[in-house]
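Let us walk through this structure together, one step at a time.

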Amino acid sequence: MLEMAIFSILAVVAVTAGIAVIAQRNVVHSALFLLVHFCCLAGLYILLNAQFLAMTQLIVYAGAVVVLFLFVVMLLGLERARELPDPRRYQWIVGSLLGMLWVAALIWALFPQAAQTAPALTRSDNVRQIGAALLTDFAIPFELTALVLLVAVIGSLVLAKKKLEG
Amino acid sequence: MIPASYYLILSAVLFTIGAVGLLIRRNALVILMSIEMMLNAANLTLVTYSRFLENIDGQVFALLVMAVAAAEVAVGLAIIVSFVRHRDTTDLDEINLLKG
């Protein structure tokens, strides 16, 4: 009962914050609603018994990604930039209709799953299990992640640096 | 106990919000945020199945998705920064140099 109440609150706040992200005109407000959205997802991960992932979500998304967004917005002074009135005014109506169609199709596809219930919780050594899986079955993808991050660091430095004189 | 379908439907709704944001907004920053929301919705599905099938692999996948998403945000924001230096806007309609 309590679990259901927490789930409902987190779900409603996550959906509301998600809609606010795409509805806000001001980019700073969008980024702050994105922070709320990420925190709600971290709460849902804890409900799903994925404690390590919940903390990673908070550190990576709420800590790093949102701060990176805010840094870029404020460094470039984009918070005052307003979107001009859209020349294609029907775009958001068509987009919303397509979205409703899409979500209806997804829910219809998921409906046969409705009766599935979770198995009882066993030992709660989430971190140990993830660590063991990362260093045995997923060792190669795990190492490749380091390569992806290195390439991303170098790539973003090269892209964002100013042209040198001469 | 919350059925799996509740989580899956919530994940579908969150993914759709991200997709609609991608369709209707023209601000490059908001579009990057929409992509992040879609990746998060996919993560929620992975973690849900990890819980309901009692298999840790879903959480490992979600962890790898997070690493890729962080890299993607860094590169995407670098592209936006270098674009703003050229044109002083984040409007995607202004990115038309290759349009002929």
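Which residues of the two helices make the contact? From α2(A) come A:Val27, A:Ser30, A:Leu34, A:His37, A:Leu41, A:Leu44 and A:Tyr45, and they meet B:Leu29, B:Val30, B:Met33, B:Met37, B:Asn40, B:Leu44 and B:Val47 of α2(B). Being in contact means that the C-beta atoms of two residues, placed from the backbone, lie within 7 Å. Sorted by type, the residues of this contact are eleven nonpolar, three polar and no charged. (Nonpolar covers Ala, Val, Leu, Ile, Met, Phe, Trp, Tyr, Cys and Pro; charged covers Asp, Glu, Lys and Arg; the others, Gly among them, are polar.)

A word on what you are looking at: this is a predicted model, where local features need pLDDT of at least 70 and side-chain atom pairs count only at pLDDT 80 or more, while totals for chains, interfaces and linings use all residues. Residues are numbered from 1 along each chain as its sequence is written, and chains are lettered from A and ligands numbered from 1 in the order in which they are written.

Now step back to the whole contact between the chains, which takes 60 residues from chain B and 65 residues from chain A. On chain B, α1 (4-24), α2 (28-52) and α3 (57-87) each supply at least two residues of the side that touches chain A. The largest share, 21 residues, comes from α3(B). This side of chain B divides into 42 nonpolar, twelve polar and six charged residues.

What does chain B contain? Chain B has three helices and zero strands, these being DSSP runs numbered from the N terminus (helices are H or I, at least four residues; strands are E, at least two). The C-alpha trace of chain B spans about 55 × 25 × 20 Å along its principal axes.

Finally, turn to chain A, where an automatic or database domain assignment gives domain 1 (1-81) and domain 2 (126-166). Taken over C-alpha atoms, the centres of these two domains of chain A are separated by 23 Å.
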